[in-house]
Every structure is written in structure tokens, then in C-alpha cells.
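This report covers how the parts of one protein chain are arranged relative to each other. The sequence and the model are shown below.

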Amino acid sequence: MMTRRIVFTVNRQEHMLEVDVRESLLDVLRDRLDLTGVKKGCSVGECGACTVLIDGEPFDSCIYLAVWADGKQIRTVEGEAKDGKLSKVQAAFLEANAVQCGFCTPGLVMTTTALTESDHSYTKQEIKKELSGHMCRCTGYHNIIKAAEKALQDKGEQDHDCCGKCHQ
Ligand code: FES
Ligand code: FES
């Protein structure tokens, strides 16, 4: 087995690990760091359940080698709630009843979070396109899109102090 030492940040905490060069980031997060909120669905980059943010961008961690994460900032769903308070994206999913079994939810929350942190204003069609890499067997997607729209709408409200001009 060939191994390499990597240093990366996961949910604001730095880790130094010796990893097998063939190991996926998903397996390292789940099996070594116990971050089981990152779900293992298809393992081949098709379902989106394993999505994490790497330097702010969503990636399928099942097809991302752990060695590539060296020097990178990783975010998983475990790091999103702060001081016992859900993130605005998590709260939007809850409010919209966008969760049934919950297996797809952590990945969807992370991709939606990346959308809320970008400068772009997303239309409903664009939201659907951005989330199209996520499979959900339970919800029929309707409430998921509603949740993402709500989170993105809240982003607009929180991004600037309202001067009232946009309402005129
Ligand atoms: S488990 Fe990674 S995309 Fe399905
Ligand atoms: S809520 Fe069950 S797979 Fe999406």
C-alpha cells in the first residue's frame, strides 16, 4: 500500500493524516474522521449524496481522491450548524418539508449552501440545473427546490442593508 501524508482543514479544524493514495475523500471523512453525515450512495459520482464543499465548491467526495485534498478547506454538513443553530439552508429545508429519509439531504444542503455564497442570482430553472446532480428517492424534488429558493431568497435579504429602492 502506498501512502501519503496530507494536511487539510475540515469544518475549520486542521487534520494531518496518512492516507492510502487510492483512498477517496469520502472514505477518509467517514471512516477516519467519523463524519458520517457525508453519505455513501452510488460511489461512482452519480447520486450526489457524498457532496462536500472543497474550497467553497461542491464536489462528489466519492470520486475525489483524499490526496487531492492536501492543503484544501473541506466543509461537510456537520460544520454548518453553529452554536446549536441550523444554518439558513438547513432551516429552509426543514421549513419546506424537503426531507424524508434524509439520505440525500446533507449533499443537497452543501450544494445549496455554495449557491447562497455565490454572487449570482439564481432563477428557479438555474436552481434545478445546479441541483440536478442530486438524486432523491423520496420527495419528488418539489419541496427541495422550494427550500433552495427560500434559502436563496434569504441570502438576498441578508446580503445588504435594505435601502428600500428595490421595492419602489
Ligand atoms: S456516493 Fe458519491 S455521487 Fe453517489
Ligand atoms: S429524502 Fe430520501 S433520498 Fe431524498
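At roughly what angle do the axes of helix α2 and helix α3 cross? In this predicted model, the axes of α2 (residues 88-95) and α3 (residues 105-116) cross at roughly 125° and come within 9 Å. An angle over 145 degrees would count as roughly antiparallel and one of 65 to 115 as roughly perpendicular; α2 and α3 are therefore oblique to each other. The crossing of α2 past α3 is right-handed.

The contact between the helices involves Val-89, Gln-90 and Phe-93 on the α2 side. On the α3 side, these meet Thr-105, Val-109, Thr-112, Thr-113 and Thr-116. By class, the residues of this contact are three nonpolar and five polar, with no charged residue.

| Domain | Residues |
|---|---|
| domain 1 | 3-79 |
| domain 2 | 88-159 |

The C-alpha centres of domain 1 and domain 2 are 21 Å apart. Across the boundary, 16 residues of domain 1 are in contact with 13 residues of domain 2. On the domain 1 side, strands β3 (51-54) and β4 (57-60) each supply at least two of the touching residues. The largest share, three residues, comes from β3. The side of domain 1 that touches domain 2 is made up of eight nonpolar, five polar and three charged residues.

Key:
Residues are numbered from 1 along each chain as its sequence is written. Chains are lettered from A and ligands numbered from 1 in the order in which they are written. This is a predicted model: local features need pLDDT of at least 70, side-chain atom pairs count only at pLDDT 80 or more; totals for chains, interfaces and linings use all residues. Domain bounds come from an automatic or database domain assignment. Two residues are in contact if their C-beta atoms, placed from the backbone, lie within 7 Å. Helices (H or I, at least four residues) and strands (E, at least two) are DSSP runs, numbered from the N terminus. Ala, Val, Leu, Ile, Met, Phe, Trp, Tyr, Cys and Pro count as nonpolar, Asp, Glu, Lys and Arg as charged, and the others, Gly among them, as polar. Axes are lines fitted to C-alpha atoms, for helices over the stretch in contact, and angles run from 0 to 180 degrees between N-to-C directions. Angles under 35 degrees count as roughly parallel, over 145 as roughly antiparallel, 65 to 115 as roughly perpendicular and the rest as oblique. A crossing is left-handed if the near helix is turned anticlockwise from the far one by less than a right angle, and right-handed if clockwise.
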